[in-house]
Amino acid sequence: MEVDQVVPLPRLPRVAVCGGTHGNELSGVYLVRELLKLQREVMKKEQEEDLKPASVLLVLSNPRAMQQCRRYVDTDLNRCFTHATLNGPLSDMAPYEIIRSRELNALLGPKGSPAAVDLVCDLHNTTANMGLCFIAYSDCDWICLHIFRHLQREMPDTPMRFLHFDVSNKESYSLDSVGKHGFAMEIGPQPHGVVRSNIYTAMKVGVQHMLDWVRLFNSGNVFEGGFVDVFTMVKHIDYPRDSETRNITAAIHPCLQDRDFCLLHPEDPLFQTFSGETVRYKGTEPLYPFFINECAYYEKGIALSLARKRRVTIPAIRVQTEQEQQPNEQGFASEEEE
Amino acid sequence: STLCTVTATQARRVAIFGGTHGNEMSGVTLVNLWTKNGAEIQRKAVEAVPFITNPKAVEKCTRYVDTDLNRAFTPENLSAPGGNNLPYEVLRAQEINRIFGPKGSPEAYDVIFDLHNTTSNMGCTLILESSKDYFNLQMMNYIKKAMAPASCLVLLNEHPLLKYSTSRSVAKHPVGLEVGPQPQGVLRSNIFEAMRVILKHALDFIELFNEGVEFPPCTVEVFRVLERIDYPRDANGNIIAMVHPNLQDCDWEPLNPGDPMFQTFDGKTIHYQGSGTVYPTFINEAAYYEKQQAFITTRRETLVASAIKKA
């Protein structure tokens, strides 16, 4: 692929910004509420001035969990978007989040169909010291990678990483997989149930730049090629646990705590047991740790995750002209293979 | 009067409460650890009992199931009839009062340490409920000196309206341990170890006291609770601003009239309008959003404790 060849991609007429997918991750909750308020004010003005309404869908994904300020009510909403879960049989006793995932799929999808929104940005917080992360299933979705690069340039003081989970389309499970393009914007550290002004502001600015990029893209701007460092998830490591009770028997080692994305070498400390011993990393390959001590992952058996870093070259892109648009109506997924 | 030595009975029965809030992990972890192996908390002539106060909340890793256990030890709750129709935590309060109390009686435990974490940047904090509890003041003085140069501050909540009925209030000498910052549901190694060290010194003090050591009069710097400050809210009660970046994480630092206090979601600053300098704490504690509290204000005070000696 030649870097100076500009790749034309379909327009992105509909963008969704989702907050409160986990009800206690408050930056996204408060940001979407604030954007809804602003949107109502703008819409009133637009109605008066007869302007075209903005096509940004603002969604509060899990209202019941938000009301209780919990991650979820019955089950993790952000694992309910596999094709199987969305299309399988629905019992009367279905968990709240399964019912909600279908509502969201109807609103933003259906997943996999031409009617799905063009871009989903799902807002999250983490207790881990990860700065701002994009989390995506693909390492060759040029739209997401270009948006990321745009944010990096516009927010140079914000530590920012692109995280790639190599999950196939068939297996993808999160809300952002419902759109034709999608990513989670994950910002930490922030305790669950708390909104920290610096974290909220970073998210607000990040979302603003993303929307600005979409408008620029849709208006015909050419975005030059370049490269992005992508962190691809390799594996998770669980806490040492008591064989009977399954309670954890160690905490993240003080040398590792808050050191997300600092390269972890074989024999580096991982955990400190309650009796003071150090448990070391026994892998053979140095890897990048992230989601170090994320509260919600204790129950998923994850103390930290590990990633490999590689440099991905991205081509120059621009929006397709109307002529170029037509043959692409059916095959919107094919651009990822270029 | 500081001229008299106050004598107190031997502090033989001591309890260490963890999991009063089920998602405050240092206490849960320490109590589980010591329940399995209590060697670390053993001291001569002291029965130190580790105890999980809210097991259902611990199991669900949530602050509480029906109602906040650490507000539940009111006289009304403790004497309420109704059996199983009562909220879970009220039943628990009655049970705890039976085991470690009754509150206010001579049979009550001598000392209860109640282990808590906070999302606020409070560091190591000891919470005192009475400025006249010389035993507690002497213990806190001992702990502070033992930990120096590491900081361990004392918060005094004697405020008639803001004071609340804690689990530890069942004991003759209630001591709150609050260590932060730590997110709910998360165990941070440094926070865990800090709490462990505080307890080690506390138990050392009790052992020395029980051996007959006389502790001379001392002064203890405390932060006395003044008032609770809520988030700015709209007409529907929704929060419309966050703790200002200048105030976030600045627990125990002076807040002067005119200083930034909150930042609205669209970026405007709201300033502190009080009449004098205060020392804020519990800044941005997750659990207090629902209690209408963004932070509390305190003022610095020096308390004097009489000499104490075992009777």
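Reply: Across the interface of chain B and chain A the rule finds 3 salt bridges. A salt bridge here is a side-chain nitrogen of Lys or Arg within 4 Å of a carboxyl oxygen of Asp or Glu. One pair to look at is Asp242(A) with Lys36(B), whose side chains meet in a salt bridge at 2.9 Å, N to O. On the side of chain B that touches chain A, the elements giving two or more residues are H1, helix H6 (189-211) and strand S9 (241-243). Helices (H or I, at least four residues) and strands (E, at least two) are DSSP runs, numbered from the N terminus.

Some ground rules. This is a predicted model: local features need pLDDT of at least 70, side-chain atom pairs count only at pLDDT 80 or more, and totals for chains, interfaces and linings use all residues. Residues are numbered from 1 along each chain as its sequence is written, chains are lettered from A and ligands numbered from 1 in the order in which they are written, and side-chain values use heavy atoms, leaving out hydrogens and water.

Back to the two chains. Chain B brings 29 residues to the contact and chain A brings 27. Contact means heavy atoms within 4.5 Å. Between chain B and chain A, about 2300 Å² is buried, and carbon and sulfur atoms give 55% of that area. Buried area is the accessible area (1.4 Å probe) that two parts lose on being put together, summed over both. The polar count between chain B and chain A is 12 residue pairs, both at pLDDT 80 or more. A polar contact is a pair of N or O atoms within 3.5 Å; within protein, one must be able to donate a hydrogen and the other to accept it, and residues adjacent in sequence count only if both atoms are side-chain atoms.

Is Trp34(B) buried or exposed? Trp34(B) counts as buried because its relative accessibility is 3%. The cut-offs are under 20% relative accessible area for buried, over 50% for exposed and partly exposed in between (1.4 Å probe, protein chains only). Beyond its neighbours within four places in sequence, Trp34(B) is in contact with Ile16(B), Glu40(B), Ile41(B), Pro50(B), Arg196(B) and Leu199(B). Thr53(B) is 19 residues from Trp34(B) in sequence, with the two C-alpha atoms 14 Å apart.

Next, the interface inside chain B. Chain B is divided into domain 1 (5-222 + 304-310) and domain 2 (229-297), with bounds from an automatic or database domain assignment. Their C-alpha centres lie 28 Å apart. Domain 1 gives 17 residues to the contact and domain 2 gives 14. The two domains of chain B bury about 1200 Å² between them, 52% of it on carbon and sulfur atoms. The rule finds 1 salt bridge across this domain interface. Lys291(B) forms a salt bridge with Asp68(B), with the closest N and O atoms 2.9 Å apart. Strand S5 (123-128) and strand S6 (152-156) are the elements that give two or more residues to the domain 1 side.

Asn97(B) sits in helix H4 (residues 88-100). Asn97(B) is buried, at 11% relative accessible area. Outside four places in sequence, Asn97(B) touches Leu78(B), Pro102(B), Lys103(B) and Val170(B). Asp110(B) lies in the loop between H4 and strand S4 (111-117). Asp110(B) is buried too, with a relative accessible area of 9%. The side chain of Asp110(B) reaches the backbone nitrogen of Arg13(B) at 2.9 Å. Arg12(B) is 98 residues from Asp110(B) along the chain, yet their C-alpha atoms are separated by 6.8 Å. Among the residues that Asp110(B) touches are Thr9(B), Ala171(B), Lys172(B) and His173(B).

Last, chain A. Arg71(A) is in the loop between helix H2 (63-67) and helix H3 (83-87). With a relative accessible area of 11%, Arg71(A) is buried. The side chains of Arg71(A) and His22(A) are joined by a polar contact of 3.4 Å. Other contacts of Arg71(A) include Glu25(A), Asp76(A), Tyr297(A) and Lys300(A). An unreviewed UniProt entry annotates residues 228-309 of chain A as "domain: AstE/AspA barrel-sandwich hybrid". Over residues 228-309, chain A is 0% helix and 37% strand, and the end C-alpha atoms are 10 Å apart.

Methods:
UniProt positions are given in the numbering used here, feature names are shortened, and annotations may be inferred rather than shown by experiment.
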